[in-house]
Amino acid sequence: MKAKKGLYAYLTGGALTGAVNGLLGGGGGMLAVPLLQKVAALPARESHATAIAVILPASLVSGIVYLLFGLVPLEILVPVALGVSAGGFLGAKLLARFSADKITFLFALLMFAAGVRMVF
């Protein structure tokens with residue numbers, strides 16, 4: 001029975017994360033990381049890595065929908081996608097070099113900065 005509860009929690013958390021990611025054009029990872037830490041009891045490094053891995057398919061699906069509805073200017077998409085890919089590669093390589101405490105602090109700092117930016 002416990003496995004089913006976990007499965008339902010994972011499916012619900014995943015659906016919520018995907019909806020936020022699709023609706024807001026990103027940000028699902030900011031929801032996925034705390035959910036993975038609380039619900040799945042993953043340590044910081046694994047929760048961040050898992051969040052990135054699960055956001056990829058959500059972002060691809062959302063991106064295809066955005067493309068089909070003509071909401072993506074292609075002249076911006078290609079250079080930004082290349083930059084994001086390079087940055088994602090670098091970030092993934094750096095993840096292994098930081099302690100769990102530093103990762104958690106950086107994530108909290110980023111969430112705080114995003115919140116302040118949204119208010120102002």
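Predicted model: local features only at pLDDT ≥ 70, side-chain atom pairs only at ≥ 80, totals over all residues.
Ala41 is situated in the loop that joins helix 2 to helix 3, where helices (H or I, at least four residues) and strands (E, at least two) are DSSP runs numbered from the N terminus. Residues are numbered from 1 along each chain as its sequence is written, and side-chain values use heavy atoms, with hydrogens and water left out.

**Confidence**

- The mean pLDDT (the predictor's confidence in each residue, from 0 to 100) of the protein chain is 87, and 95% of its residues reach 70 or more.

**Overall dimensions and burial**

- The C-alpha trace of the protein chain spans about 45 × 35 × 30 Å along its principal axes.
- Of the 120 residues in the chain, 16% are buried (under 20% relative accessible area; exposed means over 50% and partly exposed in between, with a 1.4 Å probe and protein chains only).
- Of the contacts (heavy atoms within 4.5 Å) with a separation of 6 or more, 54% link residues 24 or more positions apart.

**Helix 2 against helix 3**

- Helix 2 (residues 28-38) packs on helix 3 (residues 44-68) at an angle of about 135°, and their axes are 8 Å apart; axes are lines fitted to C-alpha atoms, for helices over the stretch in contact, and angles run from 0 to 180 degrees between N-to-C directions.
- The two helices, helix 2 and helix 3, are therefore oblique to each other (angles under 35 degrees count as roughly parallel, over 145 as roughly antiparallel, 65 to 115 as roughly perpendicular and the rest as oblique).
- The residues of helix 2 in this contact are Gly28, Gly29, Ala32, Val33, Leu36 and Gln37, which meet Ala44, Ser47, His48, Thr50, Ala51 and Ile55 of helix 3.
- By class, the contact of helix 2 with helix 3 comprises six nonpolar, six polar and no charged residues; Ala, Val, Leu, Ile, Met, Phe, Trp, Tyr, Cys and Pro count as nonpolar, Asp, Glu, Lys and Arg as charged, and the others, Gly among them, as polar.

**Helix 3 against helix 5**

- Helix 3 and helix 5 (residues 100-119) cross at roughly 50°, with axes that come within 8 Å.
- Helix 3 is thus oblique to helix 5.
- From helix 3, Ala44, Arg45 and His48 meet Ala100, Ile103, Thr104 and Phe107 of helix 5.
- This contact of helix 3 with helix 5 has four nonpolar, two polar and one charged residues.

**Individual residues**

- His48 lies in helix 3 and is buried, with a relative accessible area of 12%.
- Apart from neighbours within four places in sequence, His48 is in contact with Val33, Leu95, Ile103 and Phe107.
- Ala41 counts as exposed at 60% relative accessibility, and its phi is near 55°, a positive value in a residue other than glycine.
- Gly83 belongs to helix 4 (residues 74-95) and counts as partly exposed, at 44% relative accessibility.
- Gly83 and Val39 are 44 residues apart along the chain, and their C-alpha atoms are separated by 32 Å.
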